[in-house]
Every structure is written in C-alpha cells, then in structure tokens.
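User: I am new to this structure. Please pick one part, look at it closely, and then show me how the rest is put together.

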Amino acid sequence: MREGTWNKVAKGCFELRGKLLGIIGYGHIGSQLSVLAESMGMRVIYYDVVPLMPLGSARQADSLEELLKEADFVSVHVPELPETRGMIGERELSMMKPGAFLINNARGSVVQIPALVDALSSQRLGGCALDVYPREPAKNGVGNFNDDLNSWASKLQAQSNVIMTPHIGGSTEEAQRMIGIEVGNALCRYINYGGSVGAVNFPEVNLRPITEQEVRSIRICYVHHNQPGALLAVNEIIGLHNVDKQHSDSQKDLAYLLADISDVSESDIQDIYTRLSKTPACILTRLLS
C-alpha cells in the first residue's frame, strides 16, 4: 500500500481461533503465552522436561514428538543449555504438520537454521518468525546481519514466508523498566542474603533468610574454584559447628556454597572467615548475619 499497490487476496490467511498452539518450555513466558493464546480462542498443548500444572485448559504433551505432530503453531521458550542447543533440527521439523508455523523467541542456538531454511524453501512449513539467532551483530547498522556473521543469512532472508526481527521481541518500554527493577532486586538479594537465583553466568544457589530470632547465626557465602577437594576443605572447617542448612551448585569451573551456622561466638566467626579465605580453592568469602 505504501507503494500504491492494492492486492486484496485472502489465500493463505487463517484465523487463530480454534488452532492448536504448541509451547515448548512452560516456564514464566511459556505459561503466560498459554493464557494469552486461550484468550484469543486457541487451544494449547505444551511440552516441558518436568511435569507442570497447566493454566486454563492447556494440556501437557507426553513427548516433544507428540507436540510437533499435533500443533498448528509451535512456539519455543527454553533456556540455552547443552541439551537445548540444536533441539529443533531436520528430524523435528519433519515431524511438524505440513503448513505449520514455527516461532523462536527463546535462544538462537535452539533452532538449526540451515534445516529450517530447507523446510521453508520446500514449503514443508507454512512459515516462521525469528527474533533470535546463533550469532547477532554487536551494533545496529545496515548490512550488519550478513553471511559473514552467519553463513546462511542471505538464504534465510530470501525466504518469503519468514518474519525476522532483531532480538527486540521483549524490548518494550515496560519490559525494560521491569528488567531494571529485577536486576536491582537480584543484586540486593545477593548482597543481603547471598542468593543467586536467576543468574546467567554464575551458579544458582538460595537459602531462606536468617530470621531476627537467630541471633548467633551466620551465613557463609563461599565462591570457589570447582575442583576436587574444595568442599572437603570447607566441611572440615564448618563441620566443627552446628550447620543448620547448606546449598551448593557449580557452573563449569566456578562453584558457590551457602551455609548457615548457628551458636557461634565472635571468635568463632573470625576463625571461620580466616580459615575459609585461606583454602586453596577460595575466590571470595563473605559472612552475613
């Protein structure tokens, strides 16, 4: 219309009402999408690696294969993990209903783009919408998304049945404000309580806060190299005291331990801090009360 063309054709246009949406990953975003889709008259099926209570009239698929074979639209909402990288490839795309649509707003590494291009060019799929890519330009600019960045870029761009956006699907004014609030809250939780749930490049660990009634208790926040004997050295130190609760996790070569100890004196606290700080694997030791 901007160019003056009038092309009133309804072929290939369908209503969402009554269609089946398949959601891969039923976390915060996937479950919210489920509610929105049902409000527009869609039916919803979802797949997740753990059993989850459905919202509304949605139902959980027994397998990814079941979802792919039944859904008219497939929307991906999984984190980037070793087991999710390349999870949608030639095999999975071939399972989808002829003419179905794929949406990826999750992580660029989840979908194997060359296989997707083949499915689009052969019209096996009705179309797709992508907001994320394996490699993305470091800055805005004309021509930055090209074959030098991703070898298949021009082939994907040539498909008439694809919608591409520059990783901006969640970048509304409201979303940016909420992200700022969440980041601030996460930093406060880490500083005040040691919790790291939601961290991307740091082990996720959490314990309930120490209450005001626990007057002679401390929380150990111990960041260390993920190496053999690291926890043994820690437990030899804190094992002499009353350990109320403990939680640890690791991510690659980095590990994080939270432990609450009760009935400790001022001299005990100083001794624990000094000895933990001198352990071979120690990166950072903090004590909270």
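**A loop residue and its surroundings**

N150 is in contact with P134, R135 and F145, leaving aside its neighbours within four places in sequence; contact means heavy atoms within 4.5 Å. The model is predicted, so local features need pLDDT of at least 70 and side-chain atom pairs count only at pLDDT 80 or more, while totals for chains, interfaces and linings use all residues. Residues are numbered from 1 along each chain as its sequence is written, and side-chain values use heavy atoms, with hydrogens and water left out.

N150 sits in the loop between β6 and α5. Helices (H or I, at least four residues) and strands (E, at least two) are DSSP runs, numbered from the N terminus. N150 counts as buried because its relative accessibility is 4%. Buried means under 20% relative accessible area, exposed over 50%, and partly exposed in between (1.4 Å probe, protein chains only).

Now take I163, in strand β7 (residues 162-164). With a relative accessible area of 56%, I163 is exposed. It touches C128, A129 and L130, not counting residues up to four places away in sequence. From I163 to T5 is 158 residues in sequence and 21 Å in space, C-alpha to C-alpha.

Next, the parallel strands. Two strands pair if DSSP finds at least two bridges between them. Strand β4 (residues 73-76) and β5 pair in the parallel sense over four bridges. Here V76 stands opposite N104 of β5. Strand β5 (residues 101-104) covers one face, with L102 and N104, and leaves F101 and I103 on the uncovered one. In a regular strand the side chains alternate between the two faces of the sheet.

β4, helix α3 (residues 90-95) and β5 form a right-handed β-α-β unit. Right-handed means that, with the strands pointing away from the viewer, the path from the first strand over the helix to the second runs clockwise. Four bridges also join β5 to the parallel strand β6 (residues 127-130). In β6, F101 has G127 as its bridge partner. The chain crosses from β5 to β6 through helix α4 (residues 113-121), and this crossover is right-handed too.

What holds the largest nonpolar core? It has 36 residues, and I24, L93, L102, L116 and L156 touch the most other members. Such a core is a set of buried Ala, Val, Leu, Ile, Met, Phe, Trp, Tyr and Cys residues joined through side-chain atoms within 4.5 Å. Helix α4 gives the largest share, six residues. L116 touches L93, L102, V111, L125, C128 and L130, again not counting residues up to four places away in sequence. A second, separate core of 15 residues includes I218, I238, I261 and C282. In soluble globular proteins, nonpolar side chains tend to be buried together.

Nine bridges join β9 to the antiparallel strand β10 (residues 254-262), and K245 stands opposite D260 of β10.
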